[in-house]
Amino acid sequence: MDSRLPLLTVDTVIFPGLVLAIPVTDVQGRAVVRDLVENGGELVCGALAVRDGYELGERVFRSLYGTGCAATISEIAVDADDEGPIEVTLTGNRRFKVTELDGSGDYLVADVEWLADDLGDDPLGTATIALERFRKYAEAVSEISRPGLHLGDLPDNPSTLSYLMSAAMKLMTPDRQKLLEAPDATTRLAQLVGLLDNELAAIKALPSLPATDLITWSALSPN
């Protein structure tokens with residue numbers, strides 16, 4: 001995979017393996033999609049989240065997080081009005097860290113350093129604890145809201161499991177970004193245990209979470 005990527009700036013964090021449809025309404029994002037289609041080949045871009053409280057513009061270099069996820073565009077839906085919004089379906093691939101941003105063209109292009117998906121010191125043990133908490137979280141959500149959180153089959157691979165749980169939880173962008181930036185699966189799973197404990201305590205105190213379905217997940221390996 002190329003280490004220079006056109007960037008889509010997004011309002012949420014994209015994780016490896018996550019399949020998500022997002023609107024592309026800004027001029028730069030539309031230009032990215034247009035050029036990828038016109039150039040042919042695999043439609044791969046970098047998805048980089050915008051920091052909470054910031055907008056793009058003159059502050060672009062500090063309004064974006066420095067770690068993102070490469071993503072493949074699998075579907076493009078265009079509004080009947082040529083100037084209307086585009087919706088693209090992204091499948092997250094590999095994590096990256098931005099080493100340099102180039103804003104001289106019609107859209108941002110990033111030189112990136114690919115991040116390894118190491119397992120860490122105790123992936124299986126930490127995954128067991130995180131999975132137990134996650135099942136309790138799903139049960140608690142389903143008890144107070146319909147249709148609730150439906151798990152389906154969960155992956156055995158600790159790294160893939162950590163990304164799935166990160167994507168499925170209802171979290172603020174900074175918490176999601178911290179999970180994306182975790183150096184290995186063990187660290188990410190440990191962070192999830194803490195977040196799940198907080199969510200379970202909040203549900204017990206005030207059971208008012210919105211209904212949610214399990215996010216769509218790619219069968220492909222995130223590596």
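From H3 we have Pro123, Leu124, Ala127, Ala130, Leu131 and Phe134, and they meet Pro158, Leu161, Met165 and Ala168 in H4. Sort the residues of that contact by class and you get ten nonpolar, no polar and no charged. Keep in mind, by the way, that this is a predicted model.

Now, how do the two helices lie? In general, two packed helices are described by the angle between their axes and the distance between the axes. H3 covers residues 123-144 and H4 covers residues 158-168; their axes come within 10 Å and cross at roughly 30°. An angle under 35 degrees counts as roughly parallel, so that's what we call H3 and H4. And the crossing, as H3 passes H4, is left-handed.

H3 has another partner: helix H6, residues 185-205. At what angle do H3 and H6 pack? About 25°, and their axes are 9 Å apart. That makes H3 and H6 roughly parallel to each other, too. Their crossing is left-handed.

On the H3 side, they include Ala127, Ala130, Phe134 and Tyr137, and on the H6 side, Leu189, Val193, Leu196 and Leu200 are among them. The class count for this contact is 15 nonpolar, two polar and four charged residues. Among the residues in the contact are Arg133 and Lys136 from H3, along with Asp197 and Glu199 from H6.

As a general point, in soluble globular proteins, nonpolar side chains tend to be buried together. Here, the largest nonpolar core has 29 residues, and the ones that touch the most other members are Phe15, Phe134, Tyr137, Met165 and Met169. Which helices supply at least two residues each? H3, H4, helix H5 (173-181) and H6 do. The largest share comes from H6, with seven residues. You've already met Phe134: that's one of the H3 residues in the contact with H4, and it is in the H3 contact with H6 as well. Met165 is on the H4 side of the contact with H3.

Last stop, leucine 18. Where does leucine 18 sit? In the loop between strand S1 (4-10) and strand S2 (19-24). Is leucine 18 buried or exposed? Buried means under 20% relative accessible area, and leucine 18 has 2%, so we call it buried. Leucine 18 and leucine 164 are 146 residues apart along the chain, yet their C-alpha atoms are separated by 7.3 Å.

How values were computed. Residues numbered from 1 in each chain as written. Predicted model: local features only at pLDDT ≥ 70, side-chain atom pairs only at ≥ 80, totals over all residues. Heavy atoms only, no water. Axes fitted to C-alpha atoms, helices over the stretch in contact; angles between N-to-C directions. Helix = DSSP H or I, 4+ residues; strand = E, 2+ residues; numbered from the N terminus. Parallel < 35°, antiparallel > 145°, perpendicular 65-115°, else oblique. Left-handed = near helix turned anticlockwise from the far one by under 90°. Contact = heavy atoms within 4.5 Å. Nonpolar A, V, L, I, M, F, W, Y, C, P; charged D, E, K, R; others polar. Buried < 20%, exposed > 50% of the residue type's maximum accessible area, 1.4 Å probe, protein only. Core = buried A, V, L, I, M, F, W, Y, C linked by side-chain atoms within 4.5 Å.
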